[in-house]
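Dear colleague,

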Amino acid sequence: MSAAPVRPGLVLFALAMGGFAIGTTEFAVMSLLPFFAPDLGIDEPTAGHVISAYALGVVVGAPVIAVLAAKLSRRTLLIALMVVFALANTASALAPTYEAMLAFRFLSGLPHGAYFGVAALVASGLVPVNRRAQAVARVMLGLTIATIIGVPLANGIGQMVGWRWGFALVGALGVTTVTLLTLYAPKDRPLPGASPLRELSALGQRQVWLTLGIGAIGFGGMFCVYTYLASTMMEVTGVAPAMVPLALAVFGVGLTVGNLAGAWAADRALMPSVGGILLWSAGSLALFTFAVHDLWSVMVTIFMIGCGGGLGTGLQTRLMDVARDAQTLAAALNHSAFNFANALGPWLGGLAIAGGYGWASTGWVGSALALGGFAVWVLAVLDDRQRQPVEQGACG
């Protein structure tokens, strides 16, 4: 009896639904800070540690899961990851204390990086090589649409009926993803020769580390501003809380546009597109500091900052080129790098705010981080140019 034919459109939809669930929980918790902080008896800077706990879960979970699960089929791994994700987010909705919330957010982050890494590999295997970035972007589209629909919805629910329901929504999305993956994910077998040691070989590639460094630093700027966006708009721009979901949706539209445009560019000129996005982000984040005092100008700037999210797809595709036989670990580590940025950006932004520089200072901090990512990009390009003649000489 032959296996059912793979339907790429439905596979990508199922993978993207997981991205939607993850994107909703990753970004919604930032917008819910002003609401769950008082309920748990903490101030907002302390509540920011909840975000860092999730990010730490991603940083730890991505490499550990990718290595330990090297002999599992990709379908089995994706389903298992989303089961853990659904349970941990449901537990977050029930967290009775700040300490419990920290633990549950850490557990919620564990599947994040491995899921996106494996999902990207599955998606890229469905299309020709010259369309890999756009296939990865289809998966990431779930995350970007989450910032337009899922995050404002979770924020609105949090304001109307309580922040716990925002996390309950994410748990339900996780269950939906498990169902879709069970129905449509391609049935596969573990790759021949797959082993933890082979995955660990990615760590010996200098270009892997440089690519991860670009994301770990360069993406921190976007998270620096986004984490405190709700508080900044209420305190500095002077908007009512009801306007915050609209601002989050504008950011999400920018993120979606940047994801699609960045993928199109990456399939044509991969590394130049990455460098261009980093410079765009540096300029947009610096502009935020000046634009934040006016509602209309800050909305335009928020859109521009969101467009910088197109960096992710290009870096994910780059890792497929430089990781060689250790695709799963390298792809998962990409999201560890982004969530290192998710921890670094809010931490540095919080230091600037606590130091008396004001809410708008996150724009300057974010711009500096984007320029730091660009500096690593320059090193990666120079290293690649030096490496290519050596490899060509060895082949000759």
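In which hand of crossing does helix 5 pass helix 16? The crossing is right-handed, a term that applies when the near helix is turned clockwise from the far one by less than a right angle, anticlockwise being left-handed.

Before the details, please note that this is a predicted model, in which local features need pLDDT of at least 70 and side-chain atom pairs count only at pLDDT 80 or more, while totals for chains, interfaces and linings use all residues. Residues are numbered from 1 along each chain as its sequence is written, and side-chain values use heavy atoms, with hydrogens and water left out.

The protein chain has a mean pLDDT of 86 (the predictor's confidence in each residue, from 0 to 100), and 94% of its residues reach 70 or more. Helices here are DSSP runs of H or I with at least four residues, numbered from the N terminus.

**Helix 16 and its partners**

Helix 5 (residues 98-124) packs on helix 16 at about 130°, with the axes 7 Å apart. Axes are lines fitted to C-alpha atoms over the stretch in contact, and angles run from 0 to 180 degrees between N-to-C directions. Helix 5 is therefore oblique to helix 16; angles under 35 degrees count as roughly parallel, over 145 as roughly antiparallel, 65 to 115 as roughly perpendicular and the rest as oblique. In this contact (heavy atoms within 4.5 Å), helix 5 contributes His-112, Gly-113, Ala-114, Phe-116, Gly-117, Val-118 and Leu-121, and helix 16 contributes Gln-327, Thr-328, Ala-331, Ala-332, His-335 and Asn-339. By class, these are 6 nonpolar, 7 polar and no charged residues, where Ala, Val, Leu, Ile, Met, Phe, Trp, Tyr, Cys and Pro count as nonpolar, Asp, Glu, Lys and Arg as charged, and the others, Gly among them, as polar.

Helix 10 (residues 220-227) also packs with helix 16 (residues 327-357), at about 50° and with the axes 7 Å apart. That angle makes helix 10 oblique to helix 16, and the crossing is right-handed.

**Helix 1 and helix 7**

The axes of helix 1 (residues 8-31) and helix 7 (residues 164-184) come within 9 Å and cross at roughly 165°, so the two are roughly antiparallel. Their contact has 15 nonpolar, 6 polar and no charged residues. The crossing is left-handed.

**Salt bridges**

There are 3 salt bridges, each a side-chain nitrogen of Lys or Arg within 4 Å of a carboxyl oxygen of Asp or Glu. One of them joins Asp-321 and Arg-132 at 3.0 Å, N to O. Asp-321 lies in helix 15 (residues 311-322) and Arg-132 in helix 6 (residues 132-161), so the pair ties together parts 189 residues apart in sequence.

Yours sincerely
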